[in-house]
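Notebook open, structure loaded. I'll start with contacts and then work through the rest.

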Amino acid sequence: MPLNSPWRTDFPGIQALDAEGQTYLDSAATAQKPQAMLDSLLGYYASGAANVHRAQHLPGERATRAFEASRGKVAQWLNAASSEEIIFTRGTTESLNLLAYGLEPLFAAGDEIVVSALEHHANLLPWQQLALRRGLKLVIMPLDSCGQIDLAQAATLISPRTRLLAVSQLSNVLGRWQPVRELIALAQAQGALSVVDGAQGVLHGRHDVQALGCDFYACSSHKLYGPDGVGLLYGRGTALAQLRHWQFGGEMVLEADYQHARFRPAPLGFEAGTPAISSVIALGASLDYLAGLDQAAVIGHEAALHARLLAGLSARDGIQLIGEPQVALASFTVAEVHSADLAHLLTEQGIAVRAGHHCAMPLLKSLGLPGAIRVSLGLYNDGADLTRFFVALDKALELLR
Amino acid sequence: MTLPRPAQQALDAFAACPGWEQRARLLMQWGERLAPLSEEDKQEVNRVSGCESQVWLVGEIQESRWQFRATSDARLIRGLLAVLLARVDGLSAAELDALDLADWFNQLGLARQLSPSRSNGLNAVLQRMRELVAG
């Protein structure tokens, strides 16, 4: 049965790769971009670039308005209370580093930070390093056999000593929604701050940061069908007020003399230097594009693709899924076959999937795996992509076994 | 400069390979020809980091000629190591230094295996070889 994406033609990149014989199944690493975003990017440069928040002149004002309009669109996308709650960074990783530095003065030796066993490096290393700097304890919440954070154990680990909880909404390896709302409630009950890493979650369904109840939510534009080089950090107004400034320069300053300076509050106070102006503006175009899609149809299409992916994998001998993925992706290993060999032969056949540790080394180590293959889906993928993948997989396994 | 005999063999074999499947099969066959490394050789100090698979590389200089031994837990990497060793084994440090290994893999039709991606091990192996040779 054909499973065609009605949005595929909106993505010139996926079509170009197609024409080159490449089947793109690596959207969890970065997504292809809609034409609307490309038009916006070109349009900004072709109509005259200017810096933002600095100049009175017309090009400067035009750029600033477009830039701030994107902030408004992001706030709307995440249902933040105000666009003042959205900080632009370089990516999820920078957003989380900003928090780890910005919140540092709030921690004292012996305090605890709670993360989960499935965190990718971006939501582990900044907290790990903060813990090392400040003499904090980094507490790791274990997973159950499906690949979901074990809530019962989490409830005992989140304690009065917990000062912050940082957790991924959707694992980039396990493809499973995590019980973030429940975890945030546990953190709140202990007076701890909560950080949600939405790097993967943000693009599969709409999420409402106010309903989630988190203090911070971090994600990246490039996975959300937007340009790279832009990250988003939502912070609830009261939580943002607790952040110490961390990078200095440019328009983040309110007043400076040689020996002292005063800084702006969020968001501008946390956007030192010239931001990725064109990319921020073009992200706005991506969000407009996404907002114009039938959300239920997108979710339905992705679910049908995902079901077909899982069915195809389970129909083959010797394939072990990692966890029980619910959405967007599946990671697997094959008995007696090295993932690197399999990746090599998939690459030879024009199948673009990810192989290795997926920037989540501790998770894979804890599962006793040196690496895995990950197939990840975007809304532009269709049934034929999966058919090509499975043909290539069978061929590769035939050669390797 | 004439190619070492194993290198010429590799070149002849791979040049006769029309498609990726035959090339993959051939790589795996070449991989099986690698001299095994002892458990002692597979120490952390001989492990090349930066590879998605595990790779161990041992280099020894004998009468001013370099002899390398290498292996991996991944079969295709073993094949790539085999064709690499076929080209470099027995060269002097100066010859090794002057060798264009990218060109070698290009001639074999394996240039893409030298992709600069950090998960690709072969570049890390080449780098380690250069470090060993540089002493």
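This is a predicted model: local features need pLDDT of at least 70, side-chain atom pairs count only at pLDDT 80 or more; totals for chains, interfaces and linings use all residues.

Contacts first: in chain A, of those between residues at least 6 apart in sequence, 71% join residues at least 24 apart. Contact here means heavy atoms within 4.5 Å.

Residues are numbered from 1 along each chain as its sequence is written, chains are lettered from A and ligands numbered from 1 in the order in which they are written, and side-chain values use heavy atoms, with hydrogens and water left out.

Next I looked up the fold of chain A. I get 14 helices and 15 strands, taken as DSSP runs (H or I, at least four residues, for helices; E, at least two, for strands) numbered from the N terminus. The radius of gyration of chain A is 22 Å against 21 Å from the globule rule for 401 residues, so chain A is as compact as a globular protein of that length. That radius is taken over C-alpha atoms, and the rule is 2.2 Å times the number of residues to the power 0.38. The C-alpha trace of chain A spans about 70 × 55 × 35 Å along its principal axes.

How much of chain A is buried? Buried residues come to 55% of the 401, with buried meaning under 20% relative accessible area (1.4 Å probe, protein chains only).

Last, the record: UniProt, in an unreviewed entry, puts "domain: Aminotransferase class V" at residues 23-389 of chain A. Such annotations may be inferred rather than shown by experiment. I find the end C-alpha atoms of that span 8 Å apart, with 37% helix and 17% strand.

Definitions and conventions: Buried means under 20% relative accessible area, exposed over 50%, partly exposed in between (1.4 Å probe, protein chains only).
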